[in-house]
Amino acid sequence: MENIQYDFGMIGLGTMGSNLLQNISDHGYRSAGYDLDKAKVENLNQLNQENIHGFSDLKEFTSSLKSPKTVMLLVPAGKIVDSVINELLEVLDKGDIIIDGGNSHFTDTERRFVDLEKKGYHFIGMGVSGGEEGARRGPSMMPGGDKQAYEVVAPILKKIAAHVDGEPTVAYMGERSAGHFVKMVHNGIEYAIMQLISETYEILKRGLQLSDAEIYDVFKKWNDGRLQSYLMEITRDIFAFKKPGENHLLLNDIKDEAKAKGTGKWTSQAAMDLALPIPIIDVAVSMRDLSKYKDLRTKAAEIYPNSLDENNSRKLEINTDQLENAFYFAMVSAYAQGMHLLFAANLEYKYGLSLDTIAKIWRGGCIIRSAFLEDIFAAYEKNPELKHLFLDKNIQENISKSVSSIRKVISEAALKGIAIPAFYASMGYFDNFRNETMPANLIQAQRDFFGSHTYELIGKEGVFHTEWED
């Protein structure tokens, strides 16, 4: 192995790292892997692939790489990334390339980019989406940072990415921390759509009282139509999965407590810092948090029984076509809010984002890939300066046809006491988005009353304050 020079190095040989290396090898590139866990190194070497070799010694690992050396990190976000980078700087040369492929917070990526640039190293912060299967067969990748370095690694990334219409689902996102910001927003949209699907499940099960087999049929039908997406597809499959020898769904044995790794929360925080509303993502994050309070929810269920439907007998007066329309409306809202956040971040952070390119690479490989992304891509390709998806004529026509359905679904669910907060959020956001005159004037009057925060007047220049108590 001493004479072989590898094209690409990977630090972190968990399932994602190992699968990406095999993907790279499949496309004719030699790749080296490194991990502190010798068992993972041994597992990699037992693959017996000529183009892959694992190392337990960091210096041997980096010495095996071609110059300029390219090293990608797939390690947990946070201090571990900084620790690994510091170790790497002792064995790399100036001009070498470091790629952080984990889910790092964009502010950490911003700091690392500036620091490494000063020291003479090329740094790329790259979001990777698609899970284990995506890593092995073709993920969607969102690299940002050093554009010169991206051009060096682009041939490999384009080969290993998923492809849609013959085009790879990877592209340069923009300056500094742009790649990880885009991936963070991707995950925020993912949170929102998963919450919407779970609320739809609640409506189908409790509201329409469908059996598991009937719910499977609904999700299957929807996935064959305009709601086709990866998340809809796996939801369909979950409603068909039974453990060998058992006659009930595994789903029904799983606790109703959802965990999270923090990217949804980061999305909400970033949006609040930019003073931009993304309520459907905020709600999705909050509902995951609420799900963890199982003991409290159990006690509350005892003392607050659902008096709206004590016998659980009345079905919602809706059909699955109306529910499909409502889901479509809310799903569009989730994507629209995420894209609006990207639009605002681009102005604030001067990333140089191209929203049509982002939509284009999300069409394949990633978790939020869906048929609707074709519409998003078309909207931004037609008008790169589009401020909000709701203003696109084609999307406006489609969601207008769904408004009556989501109002009906929300009304019926409320009357039966079924909680669908993500649906509520999508409707409330839309109704205020199209509200030329919001009641925010009263809020501003209150602020001036108790805190002398001043206000502006309609049709009159200047800032004003009133002594209200006088």
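Six bridges join strand β6 (residues 122-129) to β7, and the two strands run antiparallel. Strands here are DSSP runs of E with at least two residues, helices are runs of H or I with at least four, and both are numbered from the N terminus; two strands pair if DSSP finds at least two bridges between them. The model is predicted, so that local features need pLDDT of at least 70 and side-chain atom pairs count only at pLDDT 80 or more, while totals for chains, interfaces and linings use all residues. Residues are numbered from 1 along each chain as its sequence is written, and side-chain values use heavy atoms, with hydrogens and water left out.

**Exercise 1.** Find which residue stands opposite M141 in β7, and explain why β7 is largely enclosed.

*Solution.* Step one: V128 stands opposite M141. Step two: S140, M142 and G144 point one way from β7, whereas M141, P143 and G145 point the other way, and all are buried (under 20% relative accessible area with a 1.4 Å probe, protein chains only; exposed is over 50%, partly exposed in between). Step three: because six of the six residues of β7 (residues 140-145) are buried, the strand is largely enclosed by the rest of the structure.

**Exercise 2.** State how the chain is divided into domains, and what distance separates the centres of domain 2 and domain 3.

*Solution.* Step one: an automatic or database assignment supplies the bounds, giving domain 1 (8-172), domain 2 (184-434) and domain 3 (439-469). Step two: taken over C-alpha atoms, the centres of domain 2 and domain 3 lie 37 Å apart.
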